[in-house]
Structures are given as C-alpha cells and as structure tokens.
Amino acid sequence: MASIAKKVKKSDDALEDESEALEAIDNCQNEIDALNEKASEEILKVEQKYNNLRKPFFQKRNEIIQRIPSFWVTAIVNHPQISGILEEEEEECLQFMQKLDVEEFEDIKSGYRIHFHFDEENPYFENKVLTKEFNLGSSGETPVSMSTAIKWKRDLTKMLPKKAMANRRKRGLEYRTFFDWFTDNNDPINDDIAELIKDDLWPNPLQYYLVPDIEVEPEAEEDGADDDFGDDGEEEEDEIEDEEEEA
C-alpha cells in the first residue's frame with residue numbers, strides 16, 4: 001500500500017526563517033523587474049535612435065527604386081508568404097505602385113503605418129496613396145487598425161475568381177486576397193501580412209526582387225532526348241554487325 005505523504009510540521013524558528021527568505025526573494029525579484037523595465041526603456045531609446053539614422057537611407061533607396069519599373073510588385077510576387085494572397089488582377093493593379101513606405105511611431109511599440117504610393121494613371125482607383133495604420137495600444141488600450149477608403153474605378157474586391165473561392169471553401173480555408181487584407185481591420189494584433197511587410201519585405205526588398213527564375217525543362221523533351229539517343233545506339237550496332245558480315 002502506497003504511503004501517504006505527511007506534511008512536516010515546522011518549528012517556529014523554521015517558519016520565521018522561511019518567511020524571511022521569501023521576503024528576501026521578493027525583494028530580489030523586485031530589483032530584477034526594475035532592471036528589466038529600465039533595460040526595455042534603454043533598448044527603446046536605441047531603437048528610436050537607429051530608426052532615425054536609417055530614415056535618410058530608406059528615402060534614398062526609394063528614390064533609386066523608382067528608376068526600376070515594377071520593382072515593388074516583383075518583390076511582393078517573389079515573397080513566399082505575401083504572394084499567397086495576391087490574385088492575378090491584383091498583381092496587375094500593383095504594377096502601378098511606385099513606392100512603399102513603412103513609418104513607425106516615435107514610440108515604436110505603439111504602432112506603425114504602411115504607405116502604398118501609386119501612379120496617377122492607375123486605372124483601378126483614384127487614390128494616389130493607400131495607408132494602413134496600426135495603433136497597437138499602450139497601458140491596456142485595445143489595439144486597432146484602420147485603412148484608407150479606396151475610391152474604386154474597378155472594384156477588385158468584387159472581382160474575386162469564384163472557382164478559387166469554391167476550392168478554398170471546400171478545403172475549409174478562408175479566402176483572402178491582397179485588398180481583402182488591406183480593408184480588413186478586425187484583428188490588428190494578429191495581422192501576419194502587415195508584420196511581414198514591416199519586418200521582412202520593407203527592411204530588405206532587394207533579396208526578393210533578385211529571386212532567380214527557376215526554369216524547369218519539360219519531361220517530355222528529356223524523354224525524347226533519351227529515345228533519340230537509344231535509336232542512334234541501335235543504328236550504330238546495326239552498322240557494326242553489317243561490317244562484320246561483309247568481312
């Protein structure tokens with residue numbers, strides 16, 4: 001029969017010693033928490049400092065990027081996650097995007113804005129700039145996001161391919177496109193696309209623009225090449241046999 005553990009009765013001296021130890025541990029923990037808070041403040045100051053130092057380089061980079069047609073849409077199409085919500089018609093629309101900017105708030109923990117700048121000849125909407133803003137809140141405030149109201153000429157949100165929607169619904173997947181994401185502000189704290197743009201695409205878009213095109217040769221051609229090689233081999237063998245018979 002398993003023995004039942006009994007609570008050891010502590011003496012008054014032991015209880016007093018434990019109480020003093022717990023109080024000392026609590027004091028140490030308070031000191032650690034204070035240092036962690038101070039470290040967070042110092043880290044925030046450093047991040048703010050280097051954000052300001054990076055701004056002129058981001059601006060210079062954007063000026064150079066404008067010399068390359070379709071730079072941003074190419075980088076987006078080559079991005080493995082962001083491209084997953086991009087429909088063909090939306091890709092055509094983003095061909096008119098000239099510039100992308102990410103603007104972090106002074107208190108970088110409190111939020112940021114993503115600006116998409118478009119050419120005046122954009123046939124899809126009238127806006128020159130579309131902005132999606134994230135206020136992530138502080139001191140217990142509820143995070144919220146908001147986006148520019150799009151003045152559509154050709155409303156892409158109403159031109160979704162029905163076949164693609166049906167296929168995703170069959171698999172139990174939520175159907176979402178780029179402009180669905182842009183106009184959706186229901187769950188700003190879990191906006192993975194916005195975070196990918198801010199933390200991955202924006203810091204270094206060149207790595208995605210330069211993704212090489214992988215050309216895969218059709219298997220039929222390879223099979224045909226093997227067959228041709230086989231036929232040539234058989235012809236050579238026949239010629240050798242004929243020469244031996246003549247000899």
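**Reading the features**

Tutor: Start with the record. An unreviewed UniProt entry annotates residues 18–45 as "coiled-coil region". Keep in mind that this model is predicted.

Student: How much of residues 18–45 is helix, and how much is strand?

Tutor: The stretch is 100% helix and 0% strand. Its end C-alpha atoms lie 41 Å apart.

Student: Next, salt bridges. What is the general idea?

Tutor: Side chains of opposite charge can pair when their charged atoms come close.

Student: How many salt bridges does the structure hold?

Tutor: Six. One of them joins the side chains of Lys 99 and Asp 101, at 3.9 Å from N to O.

Student: Which residue does Glu 103 pair with?

Tutor: Arg 113, in a salt bridge of 3.0 Å from N to O. This pair links distant parts of the chain. Glu 103 sits in strand β1 and Arg 113 in strand β2, ten residues apart. Glu 103 is partly exposed, at 35% relative accessibility. Arg 113 is partly exposed too, at 23%.

Student: Where do the partners Asp 191 and Lys 132 sit in the chain?

Tutor: First, the bridge: the closest N and O atoms of Asp 191 and Lys 132 are 3.7 Å apart. Asp 191 is in the loop between α5 and α6, while Lys 132 is in strand β3. They are 59 residues apart. Both Asp 191 and Lys 132 are buried. Elsewhere, salt bridges with shared partners join Glu 103, Arg 113 and Glu 133 into one network.

Student: Now a helix. What is the general idea there?

Tutor: An α-helix has 3.6 residues a turn, so residues three or four places apart point the same way.

Student: Which residues of α6 are buried?

Tutor: Ile 193, Ala 194, Ile 197, Lys 198 and Leu 201 are buried in α6. They cover an arc of only 130° around the axis, so they lie on the same side of α6.

Student: What covers the buried residues of α6?

Tutor: The cover includes α2, β1, β2, β3, α5 and α7.

Terms used
Residues are numbered from 1 along each chain as its sequence is written. This is a predicted model: local features need pLDDT of at least 70, side-chain atom pairs count only at pLDDT 80 or more; totals for chains, interfaces and linings use all residues. Side-chain values use heavy atoms; hydrogens and water are left out. A salt bridge is a side-chain nitrogen of Lys or Arg within 4 Å of a carboxyl oxygen of Asp or Glu. Helices (H or I, at least four residues) and strands (E, at least two) are DSSP runs, numbered from the N terminus. Buried means under 20% relative accessible area, exposed over 50%, partly exposed in between (1.4 Å probe, protein chains only). UniProt positions are given in the numbering used here, feature names are shortened, and annotations may be inferred rather than shown by experiment. The arc is that of the directions from the helix axis to the C-beta atoms. Contact means heavy atoms within 4.5 Å.
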